[in-house]
Amino acid sequence: MCGIVGYIGDQQVAPILLNGLSRLEYRGYDSAGLAIFDGNTVKTVKEVGKISRLRESLSGNSMKGSVGIGHTRWATHGEPNETNAHPHLDCHGTLAIVHNGIIENYEVLRDELVTKGHSFKSETDSEILAHLFEEYLQNGNNLVDAVRLGLARVEGTFGLAVLSAKYPDTLIAARRGSPLVIGHGKNENFIASDAAPLVGRTTDVTYMDDGEVAIVKRDQVTFKTIDDKIVKKAIESIDTDLVQIEKSGYSHFMLKEIMEQPQTMRDSTRGRLLAEEGTARLGGIEHDFESLLYARRVVITACGTSWHAALLGEYMLEDLVGIPVEVEYASEFRYRNPILGDDSVVIAISQSGETADTLAAVREAKRKRSKVYGVCNVVGSSISRETDAGVYLHAGPEIGVASTKAFTSQVTVLALITLLLGRIRSISSVRGREIVRALAGIPDKVNQVLANREQIKEIAEEFQSVKNFLYLGRGYNFPVALEGALKLKEISYIHAEGYPAAEMKHGPIALIDKDMPVVVIATKDSVYEKVISNIEEVRARKGRVIAIATEGDEMIAQKADRVIYVPETIEMLNPLVTIIPLQLLAYYIAVFRGCDVDQPRNLAKSVTVE
């Protein structure tokens with residue numbers, strides 16, 4: 001959510017900032033802008049809409065300089081317009097800030113600053129930071145101290161970068177609750193919201209922690225806490241390459257990431273499956289997994305797509321390991337006074353590792369002395385650093401806002417955790433080897449589904465104009481129904497609901513008529529006959545049925561209007577093949593409707609504000 005880039009060095013800064021902002025487009029935004037020190041003054045340019053409009057505004061522009069900051073904004077306070085876009089300036093136009101997060105006490109600070117003569121132009125909470133720092137500068141402080149003292153008065157969250165014409169050899173970055181990473185180069189250094197803008201420019205990075213301030217110069221970076229204590233920080237390496245963050249010939253990142261799933265599933269299991277023993281090796285938790293194995297209560301917390309993966313984790317762990325599991329929305333978890341203790345375990349799932357609600361849930365669980373495990377994709381992210389132990393997905397960068405490959409990697413990792421714990425508690429070696437073989441075979445089965453995408457595209461064309469969809473599933477396929485409906489809503493803007501198939505009779509059946517397509521996940525599993533009965537109930541009310549069915553099931557073709565076949569696998573892994581056609585269906589419907597697939601309206605990739 002929102003994006004920040006900053007650069008100080010010897011190169012012209014505008015192209016570097018524009019390229020960095022383009023790399024952050026996936027985070028979601030409604031406006032963008034730059035502030036550059038040209039040797040005399042701070043110049044800004046801002047545009048509502050896409051980065052391409054900002055690039056056009058800079059075409060032929062004389063904004064020269066080697067120090068600057070840039071921003072993509074996702075509106076919280078104030079509508080998307082040029083005035084509310086970042087960067088924001090102080091009264092004299094000599095200090096510029098870009099800010100991610102929310103300043104909760106901005107009205108109090110704004111009123112105070114107005115009484116001291118400051119004049120505000122925007123409706124944003126962020127603008128108060130520029131004037132707050134200006135006030136401390138006017139009181140005789142240097143830039144670093146002005147930022148520190150100002151932030152000490154701020155309530156809320158921030159990831160920010162500061163540029164001042166009075167200190168042209170320095171950029172300031174600060175973090176509380178919104179991620180920032182510092183990139184280290186030769187006679188140049190970078191600030192960014194995540195590593196994507198740094199790919200191809202440096203492999204050396206430092207991840208900032210909450211309460212830290214970075215003083216970024218051309219030839220050095222130093223770190224302090226907001227209360228002025230020096231911090232020693234490690235430099236880490238990133239191994240992402242340009243191919244991973246480019247479309248590689250695909251029309252959209254989302255399609256690329258759907259097609260990558262056979263490989264990302266292999267990457268999630270590589271080196272972790274022990275075929276002979278029928279178990280898994282997970283180095284990230286094996287040193288500390290006894291707390292999970294003998295927990296009185298396990299809570300899995302997540303948001304959005306990750307919450308759907310969490311539901312599947314609950315089903316697997318309870319079914320095969322016998323551990324009582326609850327799944328909580330992270331956004332509700334911290335406000336519910338959850339009953340936790342040192343005999344409870346919390347598993348936090350987040351693709352980015354920066355989701356604000358999930359991170360807050362982690363901190364609440366730790367405050368209550370529970371052991372906390374993380375399942376996330378981004379190395380060095382806040383959740384990966386603040387949890388006691390965890391497992392990385394190894395799915396690579398996910399650029400499309402609608403999550404696809406991260407979901408299947410999350411489910412894969414949860415299956416590995418289930419296998420590891422189950423083999424210790426209840427699963428025989430024979431059953432363990434069966435699960436290992438099934439996990440190893442999933443990528444090839446997913447490839448078979450992907451090879452059938454033209455048929456799915458035809459179905460999408462047929463149903464592109466409908467206004468509502470219903471998705472039904474039972475057992476392991478109920479969370480798949482939820483995820484399929486979410487994908488359609490996110491990128492095509494069609495209203496869709498996911499339901500347990502049996503719950504259809506308790507309300508949603510009233511909606512079914514000839515204009516209501518119903519997607520039913522009807523694979524040959526333990527509840528197959530029950531799902532067939534649900535299909536009959538839909539047909540009796542003239543609903544149109546799109547069935548996701550197991551290869552070789554000829555009977556289903558007599559009961560559904562359209563059938564998409566998937567290869568057979570063991571029941572607990574069914575979601576890894578049944579979700580693929582639903583991802584493709586949502587993608588192609590959105591394309592036919594002319595929607596912005598990779599950057600759907602109002603959505604952000606990483607939600608770093610409440």
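# Getting to know α12 and a few other spots

Reader: How many of α12's residues are buried?
Author: Helices (H or I, at least four residues) and strands (E, at least two) are DSSP runs, numbered from the N terminus. Buried means under 20% relative accessible area, exposed over 50%, and partly exposed in between (1.4 Å probe, protein chains only). α12 is mostly covered, and its buried count out of 12 residues is nine.

Reader: What kind of model is this?
Author: Residues are numbered from 1 along each chain as its sequence is written, and side-chain values use heavy atoms, leaving out hydrogens and water. Local features need pLDDT of at least 70, side-chain atom pairs count only at pLDDT 80 or more, and totals for chains, interfaces and linings use all residues; the model is predicted.

Reader: How far apart are the end C-alpha atoms of α12?
Author: The expected span of a helix is 1.5 Å times one less than its number of residues. For the 12 residues of α12 (356-367) that should give 16 Å, and the model agrees: its end C-alpha atoms are separated by 16 Å.

Reader: Which residue just after α12 takes a positive phi?
Author: Among the elements covering the buried residues of α12 are β20 (344-350) and β21 (371-376). Just after the helix, a phi of about 70° turns up at Arg 369.

Reader: Is α14 enclosed or open, and how many of its residues are buried?
Author: α14 runs over residues 405-425, and its end C-alpha atoms are 30 Å apart. It is largely enclosed by the rest of the structure, because the buried residues among its 21 number 18.

Reader: Which residues touch the most other members of the largest nonpolar core?
Author: A nonpolar core is a set of buried Ala, Val, Leu, Ile, Met, Phe, Trp, Tyr and Cys residues joined through side-chain atoms within 4.5 Å. The largest one has 97 residues, and those touching the most other members are Phe 469 and Tyr 471.

Reader: Which helix gives this core its largest share?
Author: Contact means heavy atoms within 4.5 Å, and the contacts of Tyr 471 include Leu 582 and Leu 585. The largest share, 12 residues, comes from residues 574-592, helix α19.

Reader: Which side chain makes a polar contact of 2.6 Å with Glu 188?
Author: Glu 188 sits in the loop between β9 (181-184) and β10 (189-192). A polar contact is a pair of N or O atoms within 3.5 Å; within protein, one must be able to donate a hydrogen and the other to accept it, and residues adjacent in sequence count only if both atoms are side-chain atoms. At 2.6 Å, the partner is Tyr 7.

Terms used: Lists of a residue's contacts leave out its neighbours within four places in sequence.
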